[in-house]
Amino acid sequence: MKKLVYIISLMAILTACGSSAKYELEGRITDLNNPTIYIVYESSNGNTVDTLDCDDKGRFYARNEQVDEVHTITVYYNNRHRQHFSVFPEAGKKMQITGEATFPQLVKAKGGRTNKKLSEFKKTAASLIRTIVTLENNTDDAEKMISELVNVRYELRSLVRKFIADNPNEEASVILISEYIVADIEQTEEMLNLLSPDLNEHILVADLRTQIAKARTTQTGAKAPTFKVTNINGTTVTPDSFADKYFILAFTASWCDMCRTEVFHLNEISSHYSRDSIDFLLVSLDDDIDEVREMVRQDSISWNLVTDSAGQAISMFDLYNVNEIPNCFLIDREGVIQLKTGNGSELKTIVEEIMN
């Protein structure tokens, strides 16, 4: 999430068009909702972006010689906010990319050893990844869906662990840790320890170790980081706004079905307990305040909601080390984190134990 937000923020000011091919991509992404794609070349010297349109069959071609030492190329599509995939280039080696827009995690690239190893993993994990995407898009029985997701994600992480154990010297192993394990500090550290010492200087390994150190500041038992934001009603909100009571800090977005307040049991918690004992702060990635106001106006509960109209949500996501949504923190009367979870049922259970 942090990486995604960082790259998107650069798109407004960085553009580049190659003239002769040092980094060359051609591919086809089927089922695009919008033909426009954004190709981000990430290098140690910064990032540049190409914007281009695919043809009616999802085919595209891009080349760039103006950027040196590119370590990652990330392609954003369908309005770039929600869907993207990354490939890992070798200078001068053409890459061929194929996949479905619905399953960015399964987009495959030919060209280069790392892309080859990742494609091998994706072939092994394809059924689990498709199941996860299908479950995330099916909210008919949210409670059952979340439970099944936990099990399938556990299986997927087991596959990642096996791949790393079998391929400790491969850059692909580092990439899989960053994609599938990073939300869990202990697992991330465990996976990093499986890697060959030769990878210690890899840019992603260094970044992951930095993230681990930072994430420990928002673990259970840590003092919640302080903040100052303005909610959609223009009221300033700080931790002092919740003095002498518990509060739930929920990270969300309107386009995330699993983040809906009723799915995450926030409606139920709010209905059962007084705001004098437990309060709420919802931080949403949405940036249209008027649209969000209209959405919450239809809800019987008056939510304390912060949007990203002034970059507030992005700052809060970074401050609390949130890499995926939904995500919730339960913070006690002394400002200490009692729970960090992406599971609404777990949140509800812990709140009931504390309140009762």
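Modeller: This is a predicted model, in which local features need pLDDT of at least 70, side-chain atom pairs count only at pLDDT 80 or more, and totals for chains, interfaces and linings use all residues. Residues are numbered from 1 along each chain as its sequence is written, and side-chain values use heavy atoms, with hydrogens and water left out.

Colleague: Which residues point one way from β2, and which the other way?

Modeller: In a regular strand the side chains alternate between the two faces of the sheet. On β2, T36, Y38, V40 and E42 point one way. The other way point I37, I39, Y41 and S43.

Colleague: Which residue in β5 is the bridge partner of S43?

Modeller: Two strands pair if DSSP finds at least two bridges between them. β2 and β5 (residues 70-77) are antiparallel, with six bridges. The partner of S43 there is V70.

Colleague: Which residue in β3 stands opposite S43?

Modeller: β3 (residues 46-53) runs antiparallel to β2, and eight bridges join them. A hairpin of two residues leads from β2 to β3. Opposite S43 stands G46.

Colleague: What percentage of the 356 residues of the chain count as buried?

Modeller: The chain has ten helices (DSSP runs of H or I, at least four residues) and 15 strands. Of its 356 residues, the buried share is 49%.

Key
Buried means under 20% relative accessible area, exposed over 50%, partly exposed in between (1.4 Å probe, protein chains only).
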